[in-house]
Amino acid sequence: MRVRQHPSEAALALHAGGDLGPIARWRTGRHLKQCETCQEEVAAFQGMRRMVSELSAVPELPWNRLAAEMQANIRLGLAAGECVREERPMVFARFTGLRAAIAVAGLTVVVAVGLFLQKPSGTKDEMVLRATADGIQVSEGDQTLGMKHDAGIKNVSYSANAQGSIGESYVDPVTGDVTMTRVSW
Amino acid sequence: MVKNKNTPIRLLGVGVLSAAAAFAQETILPSTAIKINLPADSPVVLLTLDPRDSRFTARGAAIMVDLDALLTLRNTGSSRIHGITLRVVSQEVTMGGKASMCIPRLNIGPGESFPIHIVQHLVRPTASASGPLVEVSLDGVLFQDLSFYGPDQIHSRRDMIAWEMEAQRDRNYFKQVLALGGRARLQQAVLLEMARIQDRPQLDRPVMLRGPAATSAATVATERSERFAFVSFPDSPVEPVDGSAMVIGDQVSAPHVQVRNRSHVAVRHVEIGWLVKDQAGRQYLAASVPSSQPDLQLAAGKTAIFAQDTSMKISRKGQPLDIRGMTGFVSQVEFADGKVWVPSRQNLDETVLRSILPPSAEMVRLIELYRKGPDALIAELNKP
């Protein structure tokens with residue numbers, strides 16, 4: 001009698017995301033056509049992916065906490081999967097503790113990378129006004145506005161104004177004039 | 001809400017942008033990318049615009065503009081120009097930052113021309129690239145008699161008059177030394193100023209954050225309110241009464257100061273110099289705290305409180321400063337009639353401020369002249 005072997009959890013998770021290679025995808029798909037249990041697991045993984053996708057569209061989420069919760073949920077799911085798997089007609093216990101740990105680690109990386117890539121851009125960046133070695137600049141996100149001076153100028157006086165501006169004063173080597181620049185928000 | 005469902009496309013975009021960054025090219029900025037806005041009745045006209053080494057670089061999803069331009073302006077008015085302030089803006093930078101440059105202590109007669117060297121750095125998203133990359137506008141011109149021309153959008157009138165008064169103060173000091181002690185005493189006085197500038201205790205370059213200082217579990221235990229002590233000048237038209245600021249870790253935040261107008265005329269602007277003291281008792285100039293109300297009208301004998309919602313990192317030689325005290329002093333007052341008061345040289349000499357405050361722009365200019373030779377300085381001081 002031929003024993004039916006289920007694909008690993010990791011393979012099912014990757015299949016759910018469409019991330020398996022062509023041969024593995026064909027083999028897993030062929031198995032899924034005749035295994036209701038694995039179909040349910042794939043559906044569960046797909047549901048989880050949809051949930052992650054929807055959550056990622058919400059700005060200002062505590063991503064670290066969410067990742068930790070996701071990791072805990074995956075572990076719980078795998079534990080539950082282990083319970084179901086005991087009732088299957090398996091000859092060999094293929095999903096050992098070591099394999100489960102590797103699968104969990106792999107899935108955690110996949111979820112973490114997914115969360116990172118799906119994290120909405122355009123979150124609010126802090127506006128910072130600072131004097132640098134060659135000028136003053138105000139920056140926020142991907143925008144910067146600054147006044148510069150020749151990096152070789154040694155005697156530069158800085159002045160900060162608590163209303164939100166920084167000024168500098170130096171003798172410009174091109175004109176020989178005292179030049180005062182100011183950048184504010 | 002931003003929704004990024006298609007990760008592969010996003011990754012492809014990252015790849016394309018990375019490739020663009022790898023092949024980023026610097027392009028010389030044409031003079032047409034710089035727009036000079038001078039009003040029709042301006043007392044100065046543009047003679048030449050030399051973009052010098054100006055260039056822009058497309059790097060990934062951003063454009064970097066490095067402006068290094070030399071303008072030549074001519075005084076077309078009938079008065080001598082003693083200062084000019086230009087606003088240097090990019091309309092495409094949406095965050096609202098403002099940049100300006102001022103050349104104080106010019107002495108440009110009618111018909112004479114003078115150069116202005118503008119060096120600016122700008123990074124902006126390519127998505128908003130349209131129109132001139134940089135616009136230079138006139139904010140104000142200060143004449144010899146302290147009259148003013150210009151829209152004054154960034155209060156350049158008040159600043160230039162204050163600098164002009166500081167300049168007259170320091171210039172008159174050297175003139176007096178020269179008149180009373182001759183060349184030898186002048187040299188001695190200049191060397192003393194140079195040593196003072198050299199030894200002046202300074203903080204690291206300023207860093208400011210918009211809004212109150214962020215607290216964390218690590219800093220909340222050290223968060224405290226620190227009260228100002230004040231240095232009073234007998235002839236100051238305004239006296240500081242009370243004030244404090246929050247000290248949170250290496251940041252000082254939210255200063256507020258109460259002042260009283262002890263003069264007989266209304267005041268429309270006050271600035272308080274803000275010193276911080278370290279563990280060893282050394283004092284450093286941290287910032288100035290200006291009156292926050294743009295339309296302040298502080299009548300004679302009245303008091304007002306002004307506050308600012310800004311945080312500053314205070315460090316020295318890369319280490320957070322252990323702030324053990326704060327001192328305030330009135331550094332500038334503008335009266336309702338537009339006249340400006342600044343501390344006298346005597347005010348500074350009689351307090352610790354002389355050794356703490358930075359030199360005025362005029363002092364720096366006169367010392368630069370002295371470096372060329374004492375005769376250059378003496379010739380300058382002998383000018384009417």
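**Figure 1. Read along its sequence, chain A follows the pattern α-α-α-α-α-β-β-β-β-β-β.** That comes to 5 helices and 6 strands; helices (H or I, at least four residues) and strands (E, at least two) are DSSP runs, numbered from the N terminus. This is a predicted model, in which local features need pLDDT of at least 70 and side-chain atom pairs count only at pLDDT 80 or more, while totals for chains, interfaces and linings use all residues. To find your way around, count residues from 1 along each chain as its sequence is written, with chains lettered from A and ligands numbered from 1 in the order in which they are written. Of the 185 residues in chain A, 29% are buried. A residue is called buried if 20 or more other C-beta atoms lie within 10 Å of its own, exposed if 12 or fewer, and partly exposed in between, with C-beta atoms placed from the backbone. Among contacts in chain A between residues at least 6 apart in sequence, 52% join residues at least 24 apart. Two residues are in contact if their C-beta atoms, placed from the backbone, lie within 7 Å.

Figure 2. Helix H1(A) spans residues 9-16, and its buried residues are Glu9(A), Leu12(A), Ala13(A), Leu14(A) and His15(A). Just after H1(A), look for Gly18(A), which takes a positive phi of about 70°. The largest nonpolar core has 102 residues, of which Val88(B) and Ala286(B) touch the most other members. Apart from it lies another core, of 9 residues, including Leu12(A), Leu20(A), Val42(A) and Phe45(A). Here, a nonpolar core is a set of buried Ala, Val, Leu, Ile, Met, Phe, Trp, Tyr and Cys residues joined through C-beta atoms within 7 Å. In soluble globular proteins, nonpolar side chains tend to be buried together.

Figure 3. What surrounds Ala286(B), leaving aside its neighbours within four places in sequence? Its contacts are Ala160(A), Leu203(B), Val252(B), Trp274(B), Leu275(B), Val276(B), Met312(B) and Ile314(B).

**Figure 4. Strand E1 of chain A between two partners.** Two strands pair if DSSP finds at least two bridges between them. On one hand, E1(A), residues 128-132, is joined to E11(B) by 3 bridges and runs antiparallel to it. Within that pairing, Leu129(A) has Met208(B) as its bridge partner, and Arg130(A) has Val207(B). On the other hand, 5 bridges join E1(A) to E2(A), residues 135-140, again antiparallel, and there Leu129(A) stands opposite Val138(A). A hairpin with 2 residues links E1(A) to E2(A).

**Figure 5. Strand E3 of chain A, covered on both faces.** In their hairpin, with 2 residues between the strands, Gly141(A) takes a positive phi near 60°. Buried on one side of E3(A) are Gln143(A), Leu145(A) and Met147(A), and buried on the other are Thr144(A), Gly146(A) and Lys148(A).

**Figure 6. His149(A) in a loop.** Find His149(A) in the loop between strand E3 (143-148) and strand E4 (157-161) of chain A. Why does His149(A) count as buried? It does so because it has 21 C-beta neighbours inside 10 Å. Not counting residues up to four places away in sequence, His149(A) touches Asp134(A), Gly135(A), Val156(A), Glu168(A), Tyr170(A) and, from the other chain, Val119(B).

**Figure 7. Where chain B touches chain A.** The contact takes 53 residues from chain B and 50 residues from chain A. Several elements of chain B each supply at least two residues to its side, among them helix H1 (7-22), strand E5 (62-75), strand E8 (113-125) and helix H5 (361-372). Which element gives the most? E8(B) does, with 9 residues. By class, the side of chain B has 31 nonpolar, 12 polar and 10 charged residues. Ala, Val, Leu, Ile, Met, Phe, Trp, Tyr, Cys and Pro count as nonpolar, Asp, Glu, Lys and Arg as charged, and the others, Gly among them, as polar.
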